[in-house]
Structures are given as structure tokens and as C-alpha cells.
Amino acid sequence: MTTANPRRSTHPHVAVVGATGAVGVEFLQVLEQRNFPLSSIRLLASPRSAGKTMKFRGQDLTVEALTDKSFDGIDIALFSAGGSISKQYGPLAVAAGAIVVDNSSAFRMTAEVPLVVPEVNPEHIGNIGLKPGQKAGIIANPNCSTILMVTAMTALHRAAGIKRLVISTYQAASGAGAQAMEELRQQTQDVLDGKEAKPVIFKQQYAFNLFSHNAPIMGNGYNEEEMKMVKETHKIWGQDSLPEAARTQITATCIRVPIMRAHAESVNATFEKPMTEEAAKALLAKAPGVSIIDDREANRFPMPLDAQHQDDIYVGRIRRDISQPEGKGIDLFLCGDQIRKGAALNAVQIAELLLAK
Ligand code: A2P
């Protein structure tokens, strides 16, 4: 998974795999908005999209069908076309000399692949980089629910050690891709028009409903999304090599809700040391990538609509958990844009780290 091919350490050539998808479109917007210094950009998707044009920095760029040759001359490849495409083409991109930032789950738990949230564990990137002497390789973007949670909770974890996390998620359509977003829109319109809602991507009616996350249920009764939150958090927090009992104990229930593109999460934390409401608020106020909306008088707290199209994770309902003795429990609620910080923004931030190295 490494190569010695030379790469450009400034103004890299960039490829976007899955450019036409929900995350792919956002990659282009985030690269443009953040003025990412690139020399060229290659848009790749399935043969169905070949020849389509997409706008980038005011120019019409033509989408190409992804092939084995797509990565010749590419320095950084941003992947978001699903796990099987990443498994097939990610190693080919690395062999061609590129650094892959992969949004799928294909390599997240592979030991030598760093799993990175730039605000939390940039050092895990190690020697993967664009400069001479640094290596090509795959860097994995964590699961969206995991990214949102660790971006908010790491400051608290570092201050007082989180022993246990109980998480409930309220996840938007976007996590299942552009077609799922369209399914929510179409079903909502159909139901309002008095027609029957037709499930296609999801098995259940989505409009005016919610259901357990569509990820497959595993032998232990958890679904894969829930177990991603457990395992990925351990890896990001550097706990994967610790004995089970020494890790943060994490349990999650992941639910799909009829919201377009921002996830919400209820998080209950138990700390090693006491954590007051005031201390938690002060830590969150300083945490990079986090904003607080917590107005008890106005009963105004984070909502998915606050978070959509925004970079930050919005945190509120910050309160002492009255069920836990000794002031060692905190409850909070957070919202974050699933496509942005949960996917495209986090990946572009990783690419920015590569340029800064
Ligand atoms: P296409 O639009 O041509 O199908 P989403 O997660 O929003 O559903 O997006 C999935 C992305 O992955 C799209 O850009 C889609 O391209 C792309 N994709 C799907 N299958 C392939 C494939 N076989 N080769 C390359 N890209 C693919």
C-alpha cells in the first residue's frame, strides 16, 4: 500500500471518485469554498455519468468513467463511491503514487490505515505525505456519526477521561446517498398529495416516519452503524490496542429520521473525574470545530436546520446527568452536517493537513 513515486507537495493534482454523488458534489463545493490550492481536478464516476459536466470554479468540467488508468499523475484522490469501489480502486490509486482519502468504511479498521479527524488525531497520518521521503497510502475518513461525536466529545474526554458513552442518533437521508435524499423528497410530496409512499432505497416508508438505521444487524443485535461508532471511536482515541476494560465503554442506537442532510445525536457521558456543566461548556466553547447553542430560557438548542451547510458541530442541552453520583455524568445533544463535516469537509481537511506537512 506504499510507493516511492514522486508527488507534488504544493498544488497537487486531485481526483474525486464518486464526483456525481451527494458527497462528491460537496467535495467540489468545499474545495472551492476553502480555496484548496490544486493544479488540476479530475472528476470520476460510473460509466453512466461519463460525459456529464459539473461546475468547478466557474468552469464546466467533464466527468470521466473510473478506470484502472484514472490515477496516472494524481497526487490526492478523494474517494466517495462506496466500499467496493474503494477496495478495488484505492490500492490502484496508491500504486500509481496517489494519497487516497477514503470516505467509505472499506479500510477504516485496517491497522496500518490512519482513521483521522483533523481536530482530534492529525498525528495518526504519520509518514503519509506529499513531500519527498514521505509515502503514499490510504487515509480513512471515519463514519459520519463518529466524526460528529468525537469532534464534540474529545475536549471533554481529554480533560476528564470518558469512561462510558451512551449515544442515540437521529440520522439524515444524506448518509444513504443522493438517491435516498430524493426518496425522502418524493415520498413527502406523494404523501402530501394523498398518494402512496413508494419505498425504493429503504424498505420502510421514510416520509413522516423513522426507523432503525438500515445498516445490517450483526450477531450481537447491534447494527453495523452502531458498531462503527464503537470501534472507530476506540481507534481515533488511540484505545484500539488497550485491553477491552481499559477502553471507553460505548453503546449506541442509530435511527434514521426524515431529515435531509444533518445528523443529530444525544450523548450521555460518564467521566473518570468530576465534570461540571460549567467546565463542560467552557471546554466545548474552546473546542475546534464546535459551536454552542444552549439557551435554556428560550428553549433554544441545536437543530439539524442550524447545522446544514455549516462546518461546525452544534452542541447544546449541556447538563449534569442527575442519575450519576459525584458529578461524573454529562448529557448533551449535538447536530452536524452529515455531508459536510461528516464526510466531504473532514476529507478535505485531511488533504489540507497533507499540504501543511
Ligand atoms: P454515478 O452518479 O455515475 O452513479 P451517492 O452515495 O450519492 O449515491 O453517490 C455514489 C457515487 O458513486 C456517485 O458519484 C456514483 O456515480 C459513484 N459510483 C457508483 N458506482 C460506481 C462505479 N461502478 N464506478 C465509479 N463510480 C461509481
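Two strands are taken to pair when DSSP finds at least two bridges between them. By this criterion, strand 14 (residues 313-320) and strand 15 pair in the antiparallel sense over 5 bridges. The model described in this report is predicted.

An open sheet is formed by 7 strands in the order 10-11-9-12-15-14-13, and its pairing is mixed. Its edge strands, which each pair on one side only, are strand 10 (211-212) and strand 13 (290-292). Strands of a sheet pair through backbone hydrogen bonds, either parallel or antiparallel.

Strand 15 (residues 329-337) is joined to strand 12 (residues 262-271) by 9 bridges, and these two strands run antiparallel. Within this pairing, A264 stands opposite C335 of strand 15, and T270 has G329 of strand 15 as its bridge partner. Strand 15 also pairs antiparallel with strand 14, where R319 is the bridge partner of D331 in strand 15. Strand 15 is mostly covered, with 8 of its 9 residues buried.

In soluble globular proteins, nonpolar side chains tend to be buried together. The largest nonpolar core in this model contains 55 residues, and the residues with the most contacts inside it are F71, M153, L165, V315 and L332. Helix 3 (residues 144-160) supplies the largest share of this core, namely 8 residues. At least three residues of the core come from each of domain 1 (13-140) and domain 2 (145-172 + 211-256 + 259-338). A second, separate core has 43 residues, among them V30, L31, L43 and I99.

What surrounds L165? Residues up to four places away in sequence being set aside, L165 touches M149, M153, W237, T248, Q249, I250, T251, V267, N268 and A269.

## Helix 4

Helix 4 (residues 178-192) has 15 residues. From its first C-alpha to its last it reaches 22 Å, close to the 21 Å expected at 1.5 Å a residue. Its buried residues are A180, M181, E183, L184, Q187 and D190. Helix 1 (22-33) is included in what covers them. Helix 4 is followed by G194, whose phi is positive, near 80 degrees.

Is R158 buried or exposed? R158 is located in helix 3, and it counts as exposed because its relative accessibility of 54% is over the 50% cut-off. A polar atom of the R158 side chain lies 2.7 Å from the backbone oxygen of V120. R158 and L283 are separated by 125 residues in sequence, while their C-alpha atoms are 9.9 Å apart in space.

K341 is located in helix 8 (residues 340-356). Its relative accessible area is 1%, and K341 therefore counts as buried, the limit being under 20%. The side chains of K341 and N346 are joined by a polar contact of 2.8 Å. Neighbours within four places in sequence being left aside, K341 is in contact with V117, P118, E119, I147, L148, T151, D311, I313, N346 and Q349.

Methods: Residues are numbered from 1 along each chain as its sequence is written. This is a predicted model: local features need pLDDT of at least 70, side-chain atom pairs count only at pLDDT 80 or more; totals for chains, interfaces and linings use all residues. Side-chain values use heavy atoms; hydrogens and water are left out. A nonpolar core is a set of buried Ala, Val, Leu, Ile, Met, Phe, Trp, Tyr and Cys residues joined through side-chain atoms within 4.5 Å. Buried means under 20% relative accessible area, exposed over 50%, partly exposed in between (1.4 Å probe, protein chains only). Helices (H or I, at least four residues) and strands (E, at least two) are DSSP runs, numbered from the N terminus. Domain bounds come from an automatic or database domain assignment. Contact means heavy atoms within 4.5 Å. The expected span of a helix is 1.5 Å times one less than its number of residues. A polar contact is a pair of N or O atoms within 3.5 Å; within protein, one must be able to donate a hydrogen and the other to accept it, and residues adjacent in sequence count only if both atoms are side-chain atoms.
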